[in-house]
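Subject: Structure handover

Hi,

Here is the structure I promised to pass on to you. My notes on what turned up follow just below it.

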Amino acid sequence: MDPYYLALTTINLAAIYGLLALGISIIWSSLGMINMAQGFTFAVSGYGAWLVAQHISTNGLAVVAGGVITGALAGALIGGIAFIPLYDKPNFPLRSLIATLAISLMGGQCLLWIFTPRVKALPKIFGIGNVHFGPVVASYDKIGSIVCSAILLLVTLAWMKSSRRGLEIRAMMQNPEGAALVGVGLRSTAMAVMMVTGAMAGLAAVLLSQNYFISPTAGVTPLVKGMVVALAGGLGSVAGALIAAILIGFIEAVTAVGLGGQYVLITQFLFIIAVLLVRPRGIAGMIEHTRE
Amino acid sequence: MTAPIDNTASTTALVGTRRLLPRLAGHGGVSWRRWRYPFTRRTPLLIETGYNPTTLATERRIVNPAPILWLIALAAIAVAPPVFGNSSFISAATTFALYAAINVIWMLTIGTAGIFSLASLATVGVGAFGAAYLSVYWGFPWWAMWMVGPVFGLIFGVLIAIPAIRLEGFYYALLTVGITELCRVYVIQSQKLGAAAYGLFGADGFVPKDMAERPGLIMGFYASFVVLLLALALYRAIDGQRLGRLLRAAPEKHEAFAEALGINYRAARIQVFLISSAALGGVGGFYATLLHGASPSLFTMDQLMLLLAMIVIGGIGRTEGAVLGTLIVVLFDKVFIGLGPARLVLIAGIMLATVLFTRGGLFGIPAQYRAWRGKRQTERRGQRSGKGGEVMPDEAMEIADKQSIVARRFDARVRAELKALITDALIEEHRTSANKRRSDALERVLTYFRRAAVADKYAVLAVKPFAEYRIVALSGRRGVPPRVVDDQVFTTPEAALHGVFLKRVSDLRDST
Amino acid sequence: MTDVLRIEDLSAGYGPLGVLHSVGLTVRAGERVGIIGLNGHGKSTLLKAIAGLTGWQSGSIKLNGIEIGGTRSQGPGRYTHKIVRMGLALMPQGDALFHGLTVADHLDSGAYTRRAWRERKQRREHVLAIFPPLEKLLGQPVGKLSGGERRMVSLARGLMDDAKLLLIDEPSLGLAPKISKGLIEALMRIDIKDGAMVIAEQNLSLLEGKVSRLIGLHAGKLKGGAVAPDMPLSETTHHHH
């Protein structure tokens, strides 16, 4: 087992899982909603990027922008349907969960309808080839996706940390009524959250589509993985989600190398169940004060 | 002048709502009460006998017509497909019965046990794959498959119940979605479970092989219908009996109260969860004998969502909701199959609309309407501010004699009216018109003053007749002398009376 | 002289409970008004109704001449942020703080207008001058502070922007008498310029002689002094400075 390869794969997977899980985690903690339509955002962004590549330009930046913008729009759509009409109604968490599931089902079927079940492939936006750093050999794909997602993650975290909007989102995570009292508009902030997390899912879609095909059901596995990573990290915790993404990426890398690809999900699940049995609120659920 | 109380609104407001129940002539309550379901103490129908208040004739009414409606609906479901339907309709009806059974059992987990598990279809799938595996590789006959299904379901249930002890609500829901996905990936990758053939088929079936197609379908349908009936009976036996009652005492977020009563709600939850897992496994075993195998589509996200759509549309937590929701979804999914992918979009649209506009599905609409009406009524009642303002609502609850609140409110209104009447001219009139006819306004004020309670009522004390008068306040208690109010001394009774009047006027002005 | 707040015929409550009954209140620029009433008689509801946080309400509330009340029977808090942006600062009873955020974050979150956000450093200094103990706690998460410190954070947060109307709900609740006295002094030190301040309190002695007017609130109705007196207010307020 080559430790460098393992480390690289771990970082690559952790970056992508981090993007997926962070979106779910932020939505849960700031809006109190579990976004099961994140998989739909993922799939639709893949198609957005594909359409850009098909009709406008195969330039890497254009393709990424296509995916990110489609993701943000899909996020806004989900927010408009599942959050805005429901957030002050009784039984909101369950109803919004079901609404996002319905959007996911509906969106998946619409994609199937429009684009047919035939899979699509994105152009290799980072080119084909390998880079050598001493003993490490890394393909452009991996380097590109690590760099891209790291940049997006850092930008998002910095934005959350230092901008007015970010402060509003953090305030809303902690206490929605208090947030309203300092002039935070629940709905506009919610839409901002949905768009940012949608953009994250869009980027993750473009990056993952470097290795996988785009299909109407392509969102299911990333959704499930993002969700369980967010769960293991403790819903609502940014740091927890990142730690969990790294751990789970590592487990995936080790399992794929050591046991074989078909055991990946099983080992991941055993790990997550073990984590949750020890800490029902995830890795960080105990450390941070998050939404009940 | 204060505004008059708005009487029109209060007369139209209903006090409570009458339930409209059909009334039949004649008595019969006693004989109906004598009949029982075998081995239980349940009466088939709750009938009340009474007298018509105007004609005094005996009449009876059905308190809860649900059993009759159930009977009609189930009879229609049992008769319609074989009589009216072609073969695709019958197979759709079979699917309906099977899914309705799954949903009814699932409702035990979600509704009764309060465990938001989304792994119900996965449990069915495990039962189906287990039974199919034993039949294909070990040659189990169909009746043995029916028996091993619950065993697989129970084993799977025990496995997924372990995290359910620690996790709560959505954490568990998400985890079960993950477990379902895990099962799907495992099944489509495993050679033995038919990765290549997209499903594990070739298992034994309970429909005899030499049977013609249509009778075979009809037999399959009736068998599924029996499964549905068994599921309903199981729901009834658990939700309506000891376990259900225990758990009803421990609703979400109020578990501590139940625990304080000595109810071990955790054990009850897990028990219900395991029972329903075993039942779902049994449905899985039946599924395998019906379709001669199992397919991984049982584990897909879309199928799970369809199942969720069924219970959401009807309303989570009620069997009639589960059955109706299943009926609607299966109708769109199987009968309008010509619509292609559009039908799933349609189903998702119905699901979305239900969840956006209703609180508890289609069967929750009457309750939601009543709640909305009640909220509107109570808010209107609260907004009629002419009635409030004397006592706080929580204070009012502690006052036994509600008339005293009304009296206070009336008194406040009278005081407000009288305050407007008091002017310097009026006071001057009182000073000069000791024994003359008085104006209407002054008479009104004086009448109010005379009406005051005896305690602390001002009076004039003649210290020396025709020479010295003082104002005193009566004690209001027998044997306790009045107390002197101040050191003012009047020389005539008229002046003293006017002094009392001034005191009363200033008290009135200070009051609110 | 303008009216910062003008309430007419305000009724408000939650569901079947009518808590306020046809309340009228006028607060002028430069005034500090104390509202005194017992527990459960509607002090908090009055302040919440101004911020649009009650279950239902009807009647007119004008903030600097702009109508913010009106009749509504749902969506408590839906327009609160807009009212806040029009120049209202409510320091509620439960503090409504963000337990995981630091004191500095709280102060920044109070600066909701674009200008205030740009000037947040200067404004922070300004607010810290009023509440000096917060200076050392800037990096601390609020969840770890004591009750008095939290109340200070809540008050300081409301002062970060140029709020025209400061509504303070029971500043002394749950605090030691010495600390609550200090808080009230600090409140009196705040330069309200052309704005106004309304303090709801149970404890009459804390406010007596310190505010321009004291109004009683009993069973959802204001008693005495609800309309601003006609004399110039500068005389009554200035000798406290």
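Let me start with a turn in chain C: in the hairpin formed by β1(C) and β2(C), two residues lie between the strands, and C:Gly15 adopts a positive phi near 55°. Please keep in mind that this is a predicted model.

One pair to look at is C:Gly13, whose bridge partner in β2(C) is C:Gly18. β1(C) also pairs with strand β4 (residues 56–63) of chain C, again antiparallel, through seven bridges. There, C:Glu8 sits opposite C:Ser60 of β4(C).

Now to chain B, which has 20 helices and eight strands. Its radius of gyration is 38 Å, well over the 24 Å that the globule rule gives for 512 residues, so chain B is more spread out than a compact globule. The C-alpha trace of chain B spans about 125 × 55 × 50 Å along its principal axes. Of the 512 residues in chain B, 35% are buried. Among contacts in chain B with a separation of 6 or more, 66% are between residues 24 or more positions apart.

On confidence, chain B has a mean pLDDT of 83, with 91% of its residues at 70 or more. Where pLDDT is low, the predicted coordinates should not be read in detail.

Best wishes

Technical notes: Residues numbered from 1 in each chain as written. Chains lettered and ligands numbered in written order. Predicted model: local features only at pLDDT ≥ 70, side-chain atom pairs only at ≥ 80, totals over all residues. pLDDT = per-residue confidence, 0-100. Helix = DSSP H or I, 4+ residues; strand = E, 2+ residues; numbered from the N terminus. Rg over C-alpha atoms; globule rule 2.2 N^0.38 Å. Buried ≥ 20, exposed ≤ 12 C-beta atoms within 10 Å, placed from the backbone. Contact = placed C-beta atoms within 7 Å. Pairing = 2+ DSSP bridges.
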